[in-house]
Amino acid sequence: MKITNYPDPKEWLALLTRPTESTAEKKTVVTSILNAVKQHGDNALRELTEKFDGFSPTGFLLSPEVLAEAGSELDDALKTAIGTALKNIQSFHASQKEESIIIETMPGVLCWRKSLPIERVGLYVPGGTAPLFSTLLMLGVPAKLAGCNKIVVCTPPDKNGAVHPAIRYVAHLLGFTKVYTVGGAQAIAAMAYGTETIPQVDKIFGPGNSYVTLAKQLVQESGVAIDMPAGPSEVLVIADAESNPEFVAADLLSQAEHGPDSQVVLVVSDEIGDASTFVKNTSDAIDIQLAALPRKEVAAKALEGSRIIRFKTDIEAMNFSNAYAPEHLILSNRTADALSGKVKQAGSAFIGAYSCESAGDYASGTNHTLPTNGYARNYSGVSLDSFLKKITFQKLSAEGLQNLGPTIEIMAEAEQLQAHKNAVTIRLNTLKNV
């Protein structure tokens, strides 16, 4: 990891920039996939699945039997862990429900807002290099709590056409019946446009590789909503001279193993003392832990583009973090609790030495589908609200219109919208004659 010591704010822009790759070629590929599925439906899906997944499918829908039998393929410890995570995720997201409150803004004028579920949602669950059954928990639980009427799940098959039993088990646990063995950009296209087999949805959720991400961004042009713009996953850790090097190294590596384009940043404050020894010990710990990882090649590639940045004070470190707006922010320094009050930009924050990112990724209850690439400045992570739409209502009595009407008439006339004014005036004149 490249080390930068005490950068001047004028140098921050370069440090804040994520590594990027050209999308021109990928856009051509993804656009052709989207068009193929849009025009040829299931036939295109079969060809693309054979091309990218090495499997020639006869169908895509997993049968109820295949979903139900997944539990017998998992050990009890994993099923218990999934059950604990499910309970915590349900508890946290259920707490986000809001009751409608009727407000009388003036006598006779009632206004309120009602939350209703998005009718049809699509959940994309990556299953290529890692079977992310936790993503199905993170997306499936709030979708169920919101009351979405149709929930479509797409996940890529392996070369034998199978789906990892943990993904099938979670789908069965949540009661999902529309689970399809389609992955990549073609899965996004299928959910966006619909095929003979896969229903069209109104909003698509879920992480994926750069092709999936680009496909989600492109289908928005046809009126399909997505959860958020997203790119490679990322973490920023703030530490100091008293932080635990092994803990911090593990946090950095847990992010790096996601993919070779994952973003890993360690920000070190010297406020309580020179952190040079900590930096060295952390670098050594990274080397030791990396060597033992099954995905060490992936993690090592991610670390090539990662940084260690030192600042003299905690506030400078926090200001840099807010400017970076990380997907995951871990406060692993001595003043973590106090510093957490100054967090302004982050997808999800983890406070204290024992609050590892893995807790939020799996089982603490918060959602792990979060904005990346600086989008934490203006996007939130997935929540119950992500699966809801808000409709406002108003009801005016005769008294209400008499009270509010003159205000509307004056404003409409000032905007030279006579019909708007007339809609009030005609009613008021009728009330005068009653």
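Which residues are buried in helix 16?

What we have here is a predicted model, where local features need pLDDT of at least 70 and side-chain atom pairs count only at pLDDT 80 or more, while totals for chains, interfaces and linings use all residues. Residues are numbered from 1 along each chain as its sequence is written, and side-chain values use heavy atoms, with hydrogens and water left out.

First, the overall picture. The chain's secondary structure comes to 16 helices and 14 strands; these are DSSP runs numbered from the N terminus, with helices being H or I of at least four residues and strands being E of at least two. Along the principal axes, the C-alpha atoms fill a box of roughly 90 × 60 × 45 Å. Of the 434 residues in the chain, 46% are buried. By buried I mean under 20% relative accessible area, by exposed over 50%, and by partly exposed anything in between, with a 1.4 Å probe and protein chains only. As for contacts, meaning heavy atoms within 4.5 Å, take those between residues at least 6 apart in sequence: 75% of them join residues at least 24 apart.

Now back to helix 16. The buried residues there are K421, V424, T425 and L428. Viewed down the axis of helix 16, its buried residues fall within an arc of 100 degrees, so they line one face of the helix; the arc is that of the directions from the helix axis to the C-beta atoms. As a reminder, an α-helix has 3.6 residues a turn, so residues three or four places apart point the same way. On the face turned away from the buried side of helix 16 sit the exposed residues A419, I426 and R427. What do the buried residues of helix 16 pack against? The partner is helix 15, residues 398–414. Helix 16 itself covers residues 418–432, 15 residues, and reaches 20 Å from its first C-alpha to its last, close to the 21 Å expected at 1.5 Å a residue. That expected span is 1.5 Å times one less than the number of residues.

Next, helix 6, residues 165–173. Seven of its nine residues are buried, so helix 6 is largely enclosed by the rest of the structure. The buried ones are P165, A166, I167, R168, Y169, V170 and A171. They pack against helix 3 (64–68), helix 4, helix 5 (133–146) and strand 6 (179–180). Just after helix 6, G175 takes a positive phi of about 80 degrees.

Let me stay with one of those partners. Helix 4, residues 76–94, and helix 6 have axes that come within 12 Å and cross at roughly 45 degrees. Axes here are lines fitted to C-alpha atoms, for helices over the stretch in contact, and angles run from 0 to 180 degrees between N-to-C directions. The two helices are therefore oblique to each other; angles under 35 degrees count as roughly parallel, over 145 as roughly antiparallel, 65 to 115 as roughly perpendicular, and the rest as oblique. The crossing of helix 4 and helix 6 is right-handed, which is the term when the near helix is turned clockwise from the far one by less than a right angle, anticlockwise being left-handed. At this meeting point, L78, K79, I82 and L86 in helix 4 face A166, Y169, V170 and L173 in helix 6 in contact.

A second pair is helix 2 (residues 24–53) with helix 8 (residues 210–219), packed at an angle of about 65 degrees with axes 10 Å apart. This crossing is right-handed too. Helix 2 brings K26, K27, V29, V30, T31 and L34 to meet S210, Y211, L214, A215, L218 and V219 in helix 8.

Finally, some single residues. Most residues other than glycine have a negative phi. Y6, not a glycine, has a positive phi of about 50 degrees. Y6 lies in the loop between strand 1 (2–5) and helix 1 (12–16), and is partly exposed at 36% relative accessible area. For A325, phi is near 55 degrees, again positive. A325 belongs to the loop between helix 12 (314–324) and strand 12 (328–331). Is A325 buried or exposed? Buried, with a relative accessible area of 0%.

My last stop is T282 in helix 10, residues 276–291. T282 is buried at 1% relative accessible area, and, not counting residues up to four places away in sequence, touches P245, V248, A249, L252 and L266. Thanks, everyone!
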